[in-house]
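Here is a short report on charge pairing and model confidence. Please read it alongside the sequence and the structure.

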Amino acid sequence: MGSVRGRAALLAAMVACAAPLFGAAAVQAAPRAAEPVPEQQPADVVFVEVTPSTVEPGYLVGIRASCRDNSVPAIVASDAFGKIQVQPQRGLLTASPMVNERTRPGNYRVKLECPSGETASTMLQVVKQGQHTRPPSHFPSRGPATGFGGTAGPGLGGLLVPVGLALTVVGAGLGVAASRRNSGAARP
């Protein structure tokens, strides 16, 4: 009976390792400790944030906002990038507009207009090229550097999933072989 439990545990481990590759939920063999909950803003807070807060013309900025109801889009407006719609994403409203190429250096108001009438605002500073305090590599030009997106550049990123899948399959095969060897040795 010990080998049946061992095989069940091995199968549960294989499924847990392979599940992220296929987008499936992992099978839980035993109860786990509670996972930390992502930071969420209270539903009644209305705000708008711009990242980075200092940027050159022609660069993207990240907008993160919240209305009382974040399940519907809202509007964010600024003379730096015009009027855009922020979309619901993970409990907040987000967008990534590009500061217009012809925007002159200065401070620009960024105003959130919620569908229910609430508003919030913040400031965005636009500077001349070469005047920001950090090197240009810190300011994304094709989108926020969040992983395998357009800013990943050339490299081995396209091989990560196939190599990970191959390693998972090899590991599962080795686990099954070890399990069979151990169950064969236990028999008289």
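How exposed is Arg-64, by relative accessible area? With a relative accessible area of 31%, Arg-64 is partly exposed. The cut-offs are under 20% for buried and over 50% for exposed, so 31% falls in between. Keep in mind that this is a predicted model.

Two salt bridges are present in the structure. One joins Arg-64 to Glu-49, with the closest N and O atoms 3.0 Å apart. Arg-64 sits in strand S3 (residues 62-66), and Glu-49 sits in strand S1 (residues 47-51).

Glu-118 pairs with Arg-68 in a salt bridge. Their closest N and O atoms are 3.0 Å apart.

Arg-68 is partly exposed, with a relative accessible area of 46%.

## Confidence

The chain has an average pLDDT of 74, and 58% of the residues score at least 70. Among the elements of the chain, S3 has the highest mean pLDDT (95). Helix H1 (residues 2-22) has the lowest, at 54.

Residues 23-38 have a pLDDT below 50. Beyond near neighbours in sequence, this stretch has seven contacts in the model. The pLDDT is also below 50 over residues 135-140. That stretch has 10 contacts beyond near neighbours in sequence.

Notes. Residues are numbered from 1 along each chain as its sequence is written. This is a predicted model: local features need pLDDT of at least 70, side-chain atom pairs count only at pLDDT 80 or more; totals for chains, interfaces and linings use all residues. Side-chain values use heavy atoms; hydrogens and water are left out. A salt bridge is a side-chain nitrogen of Lys or Arg within 4 Å of a carboxyl oxygen of Asp or Glu. Helices (H or I, at least four residues) and strands (E, at least two) are DSSP runs, numbered from the N terminus. Buried means under 20% relative accessible area, exposed over 50%, partly exposed in between (1.4 Å probe, protein chains only). pLDDT is the predictor's confidence in each residue, from 0 to 100. Contact means heavy atoms within 4.5 Å.
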